[in-house]
Amino acid sequence: MTEEAGIYSGRTGYGLGVAVSDLDGNGCPDLYVANDFHEHDYLYYNNCDGTFTEAIETATRHVSYSSMGVDAADYNNDGRPDLAVLDMLPFQETVQNTSAGADSERLYEMKRQYGYHHQLDRNTLQLNQGNRRFSEIGLLAGVAATDWSWAPLFADLDNDGRKDLFVTNGIVRRPNDLDFVNYASRPSVVRKMETIEKQDLSIQDRLPQRPVSNFAFRNDGDLTFSDSTTAWGLHRPGFSTGAAYADLNNDGSLDLVVNNINAPASIYENRVDSLRDRHSLTVRLEGDDANTAGIGAKVRVHQGDRTQ
């Protein structure tokens, strides 16, 4: 029932991430789809009748260009879920200068004429303003550039009542390296790539490898983040993709599990409980009938002028 529900299945959509959250507060979960390459992201508002309305252009002023992962959570404790979408903008200036970047102005305007939304090649942080409107503040928040990034996770990693942001990073071979792009554009190389045999790895070996660390951003409570990657012990370089958080040892702090390419998965034990006097609250839900775990319930915690 995809088409009947109003969900797109276009040939140009490369959906690399999806977030499910009640973005407009009407009680029905909405969808945000992060699309890589040319297609812009989709934001589907739930009509609460089995159908959705796509509204990315009216809800946002612009989105990420090569959108990878996406997460939704209320990071400023105002009761409205916000959105973090990752792109591929390097944080190191030297890597930025040696990587293929954004579209030319001519190509940008051509895509706009064909109906594509405004797309920028950097991470975006969409602050939910209510009334189905978002303000993009990735640059203001200090999270616009993290490198070839995949999974964003909003989670309170230091138990201060504010959701922090964890980002996985890394690509084993960088196909957008300008030296490689120039090499691969030669007619002789193009012909070789068209007929290349599986065991011939000479062209692949020209793709540079740059292991990078993941990122951990501490929520400063004023819409901005501070880079706490090294301070929190998450600075080991590598190539990381998927990630998840959970309180694995039931100590009240959130641990991290990270998938790594060509390496074992990483499990990071959160030791904040042993370093600071921070409290936590565990809630167990009980539902009716077959829904014994109360799936779909919402818990709101009020702490002064903050809501979680």
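Alanine 55 sits in the loop between strand S4 (52-54) and helix H2 (56-59); here helices (H or I, at least four residues) and strands (E, at least two) are DSSP runs, numbered from the N terminus. The model is a predicted one, in which local features need pLDDT of at least 70 and side-chain atom pairs count only at pLDDT 80 or more, while totals for chains, interfaces and linings use all residues. Residues are numbered from 1 along each chain as its sequence is written, and side-chain values use heavy atoms, with hydrogens and water left out. Alanine 55 is buried, at a relative accessible area of 12%; buried means under 20%, exposed over 50%, and partly exposed in between (1.4 Å probe, protein chains only). From alanine 55 to asparagine 291 there are 236 residues in sequence and 32 Å in space, C-alpha to C-alpha.

Next come the open spaces. The largest pocket has a volume of about 1,700 Å³. On a 1 Å grid over the protein atoms alone, a pocket is an open set of points with protein on both sides within 12 Å along at least five of seven lines, a cavity is a set where a 1.4 Å probe fits but cannot get out, and lining residues have an atom within 4 Å of a point. Grid points are joined across faces, edges and corners, and a volume is the space filled by probe spheres set on them. The lining of this largest pocket takes in 45 residues, and those nearest its centre are Lys163, Tyr245, Val299, Val301 and Gln308. Strands S1 (14-21), S6 (70-73), S9 (124-130) and S11 (149-155) each hand over at least two lining residues, with S6 giving the most, at three. Sorted by class, the lining has 17 nonpolar, 16 polar and twelve charged residues; Ala, Val, Leu, Ile, Met, Phe, Trp, Tyr, Cys and Pro count as nonpolar, Asp, Glu, Lys and Arg as charged, and the others, Gly among them, as polar.

The second largest pocket comes in at about 370 Å³. Its lining has 19 residues, with Ser66, Met88, Ala100, Gly101 and Asn176 closest to the centre. That lining splits into nine nonpolar, six polar and four charged residues.

Valine 299 lies in the loop between helix H8 (272-275) and strand S18 (302-303) and is partly exposed, at 43% relative accessible area.

Then there are the charged pairs. Side chains of opposite charge can pair when their charged atoms come close. The total is 14 salt bridges, a salt bridge being a side-chain nitrogen of Lys or Arg within 4 Å of a carboxyl oxygen of Asp or Glu. In one of them, arginine 122 meets glutamate 136, with the closest N and O atoms 2.8 Å apart. Arginine 122 is in the loop between strand S8 (119-120) and S9, and glutamate 136 is in strand S10 (residues 133-136), so the pair ties together parts 14 residues apart in sequence. Both arginine 122 and glutamate 136 are buried.

Another salt bridge links arginine 218 and aspartate 158 (3.1 Å, N to O). Arginine 218 belongs to strand S13 (residues 215-219) and aspartate 158 to the loop between S11 and strand S12 (164-169), so this pair ties together parts 60 residues apart in sequence. Arginine 218 is partly exposed at 27% relative accessibility, whereas aspartate 158 is buried at 3%.

A further salt bridge joins glutamate 286 and arginine 284 (4.0 Å, N to O). Glutamate 286 is exposed, with a relative accessible area of 67%, and arginine 284 is exposed too, at 73%. Shared partners also join Asp158, Asp160, Arg162, Arg218 and Asp220 into one salt-bridge network.

Lastly, the backbone. Most residues other than glycine have a negative phi. Phenylalanine 37, however, has a positive phi, near 65°; phenylalanine 37 is in the loop between strand S2 (30-36) and strand S3 (42-46). Leucine 223 has a positive phi of about 80° and lies in the loop between S13 and strand S14 (225-227).
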